[in-house]
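Subject: Handing over the structure

Hi,

Here is the structure I promised to pass on to you. Please open it first, and then read my notes below.

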Amino acid sequence: MAEPATATQAAAPAVPQLKDELDIVIPTIRNLDFLEMWRPFFNRTISSLFKMTIKVPDGFDYELYNRNDINRILGPKASCISFKDSACRCFGYMVSKKKYIFTIDDDCFVAKDPSGKAINALEQHIKNLLSPSTPFFFNTLYDPFRDGADFVRGYPFSLREGVPTAVSHGLWLNIPDYDAPTQLVKPLERNTRFVDAVLTIPKGTLFPMCGMNLAFDRELIGPAMYFGLMGDGQPIGRYDDMWAGWCTKVICDHLGLGVKTGLPYIYHSKASNPFVNLRKEYKGIFWQEEIIPFFQQTVLPKDCTTVQKCYIELAKQVKEKLSKFDPYFDKLAEAMVTWIEAWDELNPTGSSVTNGKAK
């Protein structure tokens, strides 16, 4: 069975040239003692933590935010940030001023590869983000920009330059990211399979994004990383990261940006309660059968040339086409617009991406 690494097993710190360009965002109501395990990898790169309260180990440069801070900073627009739910992590994305974001949960530990070496997840995410993606034609050796790989015979030379990578989606050893019904029928299942691969998710293909081992280029795609309205006072939970992933993928496809998945792995240490999860998910389990076709069929107009314009158009279409299933989607669509307004207020010279290029 896969086991987490210890701090003494850690390898070299992450790529040093990005030490001032990356924030690490962690939503939590617990002490952050688990950061001791990550210290060899985070101690030169961490700049900001988003958490609710409690204790942070010595030696980390951090900022702490709670609900009062969200209300103070955003005022009436704080209504777009989820309450008592990990979806609040997107507030950390909004207030960050760094180019890259890495976000994990407080039960995510350092994993080991099959040789027993501690995995530097942050370094792998950075490698993924700094190398191009290939969403327009699938390479059967997966990521051609990794060491020891290349484009295979028959791959169009006109597409080999690739496109900028906006999102790096990592995976998990030990506890898989299952929904409640799957948890209930497979309560003892653990993931011990380490697949040494990174691949670009093809254009036009959606995926279930998980927020507990995720990195992205904030300048390229940040405004799309809204984790919706979840948790306290809302009829749904545990769909925050997936909602952000569906929106983000549609926008990346439209703007010519790439999304990678695969390496790096983290060790997910704790299984959440499947009965609690079922209460949070049960509406989403039905709704996703309508939501996913909606995103599959979504077409953004050519004049949507920035992430913000794309997101406002998505909000419009959510209101028009999904609100018939439940009034919640009216509220969500309004919150999406509020999110962009708040983002632009805090980031007045924020990201403007046209044809895959940040301006």
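This is a predicted model: local features need pLDDT of at least 70, side-chain atom pairs count only at pLDDT 80 or more; totals for chains, interfaces and linings use all residues.

Residues are numbered from 1 along each chain as its sequence is written, and side-chain values use heavy atoms, with hydrogens and water left out.

**Pockets**

Rolling a probe the size of a water molecule over the atoms shows where empty space is left. On a 1 Å grid over the protein atoms alone, a cavity is a set of points where a 1.4 Å probe fits but cannot get out; a pocket is an open set with protein on both sides within 12 Å along at least five of seven lines, and lining residues have an atom within 4 Å of a point. Points are joined across faces, edges and corners, and a volume is the space filled by probe spheres set on them.

The largest pocket has a volume of about 1,300 Å³. Its lining has 43 residues, and Ser86, Asp105, Arg238, Ser272 and Lys280 are the ones nearest its centre. Helices (H or I, at least four residues) and strands (E, at least two) are DSSP runs, numbered from the N terminus. With 6 residues, α8 gives the largest share of this lining; β4 (165–174), α7 (240–255) and α8 (274–297) each supply at least two. By class there are 18 nonpolar, 10 polar and 15 charged residues (Ala, Val, Leu, Ile, Met, Phe, Trp, Tyr, Cys and Pro count as nonpolar, Asp, Glu, Lys and Arg as charged, and the others, Gly among them, as polar).

The second largest pocket has a volume of about 320 Å³. Of its 15 lining residues, Asp113, Ala118, Ile119, Asn120 and Gln124 lie nearest the centre.

**Cavities and rings**

There are 2 cavities of 30 Å³ or more. The largest cavity holds about 50 Å³ of space, and its lining has 9 nonpolar, no polar and no charged residues. Among them are Trp243, Trp246, Tyr328 and Phe329. These four also belong to one aromatic cluster, together with Trp287, Phe294 and Phe295.

A pair of aromatic rings is described by the distance of the centres and the angle of the planes. Rings of Phe, Tyr and Trp (its six-membered ring) pair if their centres lie within 6.5 Å, and planes under 30 degrees apart count as stacked, over 60 as edge-to-face and the rest as tilted. The whole structure has 20 aromatic pairs. One of them, Phe138 with Tyr142, is edge-to-face, at 6.3 Å centre to centre and 80 degrees between the planes. Phe294 and Phe295 also pair edge-to-face, at 5.0 Å and 70 degrees.

Buried means under 20% relative accessible area, exposed over 50%, and partly exposed in between (1.4 Å probe, protein chains only). Phe294 and Phe295 are both buried, whereas Phe138 is partly exposed at 39% and Tyr142 is partly exposed at 41%.

**An annotated site**

UniProt lists Arg153 under "glycosylation site" in an unreviewed entry; its positions are given in the numbering used here, feature names are shortened, and annotations may be inferred rather than shown by experiment. Arg153 is in the loop between α4 and β4, and its relative accessibility of 83% makes it exposed.

Best wishes
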